Amino acid sequence: MEKAEKQIIDWREKVSSDQDFYLNSLKGREKLSNMARSEEESIRERITRNPPRTKEIIWFSRYCSECTNFTEGRGKSIRCNKYKARLVKPLHGRPVWNEVTNARGDKELLVKEIDWNERWVKVREGEEEKAIAEINSGRPYNCFEHI
């Protein structure tokens, strides 16, 4: 990854040191276009080589706890064994932010992960139960198998 970052910095330094050539001549604009294209290809290749991990999440329905595929784990973890997914109650999921510096040196906030045990909004008593009752328009999911 360092090599790719160094390559990106190198072409930007080249352009900034000789802007007249890269911006005002046909050959310079062509070189600039090729450098930008190779950077894009490099980034795309790195992203596809190591795709980010994803976790399967399903909103918890009022029928889930009566399903044969339902399991309650340690702590607050509840799961659907059929889809091997975590069941999450509505209004839960607080983002954990990470401050990073982009290629131009600007600070950006990116979501590092999501804490599914925390609520993202404060709600009145009973609002969460109402939201759970309305999941999937109040009907059980297709995977529902009664005990």
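Which residue stands opposite V88 in β4? The legends below start with the sheet that holds the answer.

This is a predicted model, where local features need pLDDT of at least 70, side-chain atom pairs count only at pLDDT 80 or more, and totals for chains, interfaces and linings use all residues. Residues are numbered from 1 along each chain as its sequence is written, and side-chain values use heavy atoms, with hydrogens and water left out.

**View 1. The open sheet and its strand order.** Four strands line up as β1-β4-β3-β2, with mixed pairing. Strands here are DSSP runs of E, at least two residues, and helices are runs of H or I, at least four residues, both numbered from the N terminus; two strands pair if DSSP finds at least two bridges between them. At the edges sit β1 (57–59) and β2 (70–72), each pairing on one side only.

**View 2. Where β1 meets β4.** β1 runs parallel to β4 (residues 85–88), and three bridges link the pair. To settle the opening question, W59 is the residue opposite V88.

**View 3. The largest nonpolar core.** Nine residues build this core: I58, F60, C64, F70, I78, C80, A85, L87 and I132. A nonpolar core is a set of buried Ala, Val, Leu, Ile, Met, Phe, Trp, Tyr and Cys residues joined through side-chain atoms within 4.5 Å; buried means under 20% relative accessible area, exposed over 50%, and partly exposed in between (1.4 Å probe, protein chains only). Leaving aside residues up to four places away in sequence, I132 touches F60, S61, R62, K89 and P90, where contact means heavy atoms within 4.5 Å.

**View 4. Cysteines without a bond.** The structure has zero disulfides, a disulfide being a pair of cysteine sulfur atoms within 2.5 Å. For C64, the closest cysteine sulfur is in C143, 6.7 Å away and too far for a bond. C80 also has C143 as its closest partner, at 4.6 Å between sulfurs, again too far. C64 is buried at 9% relative accessible area, and C80 is buried too, at 7%.

View 5. Buried along α3 are G28, L32, M35, E39, S42 and R46. L32 also belongs to a second, separate core of five residues that includes W11, V15 and Y22.
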